[in-house]
Amino acid sequence: MKPNLIITISRQLGAGGAFIGQQVARRLDLHYADREIIRKAAKQLSVREEDIEKRDEKTLPFWETLVQSAGYAHEFYVPINIQYAPTDAEMYAAETDVIRKIAEKGSAVIIGRCGFHILVARPNTLRVFLHADAKFRAERVMELYKMNRKDAELAVEESDRERAKYIVAFTGVEWKNTTNFDLTIDTGKLGLENSIEGILSFVNLWK
Amino acid sequence: MNTPLIITISRQLGSGGEYIGQQLTERLKIQYIDRRLISEVAKELSVPEEEVAAREEQIQSLWKAFTQSCSFNSNRDIPAFLKYPPTDYQLFIAESDIIKKIAKEGSAVIIGRCGFHVLEARPDLVRIFLYADREIRAKRVAADYSVNLKEASKMIVESDRKRGHYIEAFTKKIWTDAAVYDLSINTGKLGLEKTIDLILNYLKELELNKIKKENKQ
């Protein structure tokens with residue numbers, strides 16, 4: 001295994017990214033960073049984790065962005081809970097900072113939050129993208145979040161839209177473009193357990 | 001491998017896709033489809049082989065395609081020179097037919113020619129995309145085609161543009177979209193030999209997953 005190996009895992013909702021990431025981290029004895037990123041970013045911005053949690057990897061609606069920018073703020077009624085919300089850019093900056101610090105410390109598996117882009121120039125970084133067809137993902141979402149099929153399908157669709165928008169806004173690259181990554185796997189086709197083996201195979205071959 | 005295995009390899013120029021495809025066919029003992037495909041297409045369309053190779057994966061200028069489609073649609077007397085070469089669309093259809101025919105015959109590795117799209121309905125299909133950073137590809141292209149690095153870089157930019165357009169025009173899919181492939185690998189990171197090993201490991205895992213699924217049922 002490469003010294004100070006970082007594996008960034010970008011994933012579509014329901015493609016098994018968190019499960020696969022945890023297992024890869026466990027098998028390789030690497031630090032696993034997922035919710036930790038938001039928690040630390042929230043701390044940096046002095047806001048409560050819950051307040052930014054629902055905004056994770058999403059962009060704010062247009063009008064809220066307007067409200068936030070100082071020049072327009074006085075012309076709008078500003079609900080209390082939004083008044084203190086950090087802007088998307090502030091959140092992205094804080095998350096970037098957290099991810100860089102994690103990567104400086106040494107080996108880790110980092111889930112989402114544009115890790116693939118933030119660490120693009122870092123040596124010994126394996127950038128993975130996990131995807132699957134909408135049907136496979138909706139079925140996993142139904143099971144994981146106890147949703148009915150229709151809601152799960154909507155959640156998958158909305159998440160795809162939001163993440164694509166968020167990622168292009170902050171990185172300038174298309175989310176699903178293979179060339180952003182070193183390895184992309186259709187986890188629906190390969191299965192989650194075997195996808196873990198696929199990633200481990202890359203790590204073992206990469207000398 | 002007991003069941004037929006069709007592997008399509010889509011690749012960027014200079015990423016080593018052809019070499020990897022050839023090595024895979026040797027290691028898996030299955031047939032490699034590349035030149036053969038072109039020559040069969042050429043026969044079907046009765047144009048000289050070199051001409052098809054030169055036109056491969058390129059979209060003709062809109063004007064030319066327009067003139068030709070007009071002349072093919074009307075069954076009147078058309079000057080002979082207008083009939084050939086075939087339009088890109090005719091070539092695409094002919095190639096698709098050939099790919100489907102070959103895939104029916106048994107296991108194969110098929111390089112390029114929108115194989116990932118043409119065969120997408122096959123359940124045993126494995127769609128692979130191979131790519132690498134521009135600098136690495138330029139070095140390989142410079143060596144393979146005996147050109148300098150600057151020319152190689154130009155060839156790469158031009159090839160990416162043409163392949164991207166061609167594939168989008170005929171498949172309505174984006175060439176570099178991870179979601180249209182089962183596996184994609186940056187060959188620059190692992191090197192060609194290790195990429196072959198990774199693909200072979202992937203195929204083993206795929207087989208294991210299939211057995212697992214069958215046992216569940």
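This is a predicted model: local features need pLDDT of at least 70, side-chain atom pairs count only at pLDDT 80 or more; totals for chains, interfaces and linings use all residues.
Residues are numbered from 1 along each chain as its sequence is written, and chains are lettered from A and ligands numbered from 1 in the order in which they are written.

**View 1. The largest nonpolar core and Val128(A).**
The largest nonpolar core holds 84 residues, and Val109(A), Val128(A) and Ile128(B) have the most contacts inside it. Helix H7 (residues 88–105) of chain A is the top contributor, giving seven residues. A nonpolar core here is a set of buried Ala, Val, Leu, Ile, Met, Phe, Trp, Tyr and Cys residues joined through C-beta atoms within 7 Å. Buried takes 20 or more other C-beta atoms within 10 Å of a residue's own, exposed is 12 or fewer, and partly exposed is in between, with C-beta atoms placed from the backbone. Helices (H or I, at least four residues) and strands (E, at least two) are DSSP runs, numbered from the N terminus. Which residues does Val128(A) touch, leaving aside its neighbours within four places in sequence? They are Ile7(A), Thr8(A), Ile9(A), Phe181(A), Leu183(A) and Ile199(A), where a contact needs C-beta atoms, placed from the backbone, within 7 Å.

**View 2. H9 against H10 in chain A.**
Helix H9 (residues 134–145) and helix H10 (residues 149–171) of chain A pack at about 120°, with their axes 8 Å apart. Axes are lines fitted to C-alpha atoms, for helices over the stretch in contact, and angles run from 0 to 180 degrees between N-to-C directions. H9(A) and H10(A) are therefore oblique to each other; under 35 degrees would be roughly parallel, over 145 roughly antiparallel, 65 to 115 roughly perpendicular, and the rest is oblique. Ala134(A), Arg137(A), Ala138(A), Val141(A) and Met142(A) from H9(A) meet Arg149(A), Ala152(A), Glu153(A), Ala155(A) and Val156(A) from H10(A). That contact splits into seven nonpolar, no polar and three charged residues. For these classes, Ala, Val, Leu, Ile, Met, Phe, Trp, Tyr, Cys and Pro count as nonpolar, Asp, Glu, Lys and Arg as charged, and the others, Gly among them, as polar.

**View 3. Met147(A) in the loop between H9 and H10 of chain A.**
Is Met147(A) buried or partly exposed? With 15 other C-beta atoms within 10 Å, Met147(A) is partly exposed. Setting aside neighbours within four places in sequence, Met147(A) contacts Val141(A), Met142(A), Ala152(A) and Ala155(A).

**View 4. H8 against H9 in chain B.**
Chain B has 11 helices and five strands, and 35% of its 217 residues are buried. Helix H8 (residues 134–145) and helix H9 (residues 149–171) of chain B pack at about 115°, with axes 8 Å apart. H8(B) and H9(B) are therefore roughly perpendicular to each other. Arg134(B), Arg137(B), Ala138(B), Val141(B) and Ala142(B) on H8(B) meet Leu149(B), Ala152(B), Ser153(B), Met155(B) and Ile156(B) on H9(B). By class, that makes seven nonpolar, one polar and two charged.

**View 5. H12(A) on H11(B).**
H12(A) and helix H11 (residues 192–216) of chain B pack at about 160°, with their axes 9 Å apart. H12(A) and H11(B) are therefore roughly antiparallel to each other. From H12(A), Asn194(A), Glu197(A), Gly198(A), Ser201(A), Phe202(A) and Leu205(A) take part. Their partners in H11(B) include Lys194(B), Asp197(B), Leu198(B) and Tyr202(B). In all, the contact of H12(A) with H11(B) has five nonpolar, five polar and four charged residues.

**View 6. Positive phi at Asn4(A) and Arg113(A).**
Asn4(A) isn't a glycine, yet has a positive phi of about 50°. Asn4(A) sits in the segment before strand E1 (6–11) of chain A and is partly exposed, with 15 other C-beta atoms within 10 Å. Arg113(A), also not a glycine, has a positive phi of about 50°. Arg113(A) lies in the loop between strand E3 (108–111) and helix H8 (115–118) of chain A, and with 26 C-beta neighbours inside 10 Å, Arg113(A) counts as buried.

How values were computed. Two residues are in contact if their C-beta atoms, placed from the backbone, lie within 7 Å.
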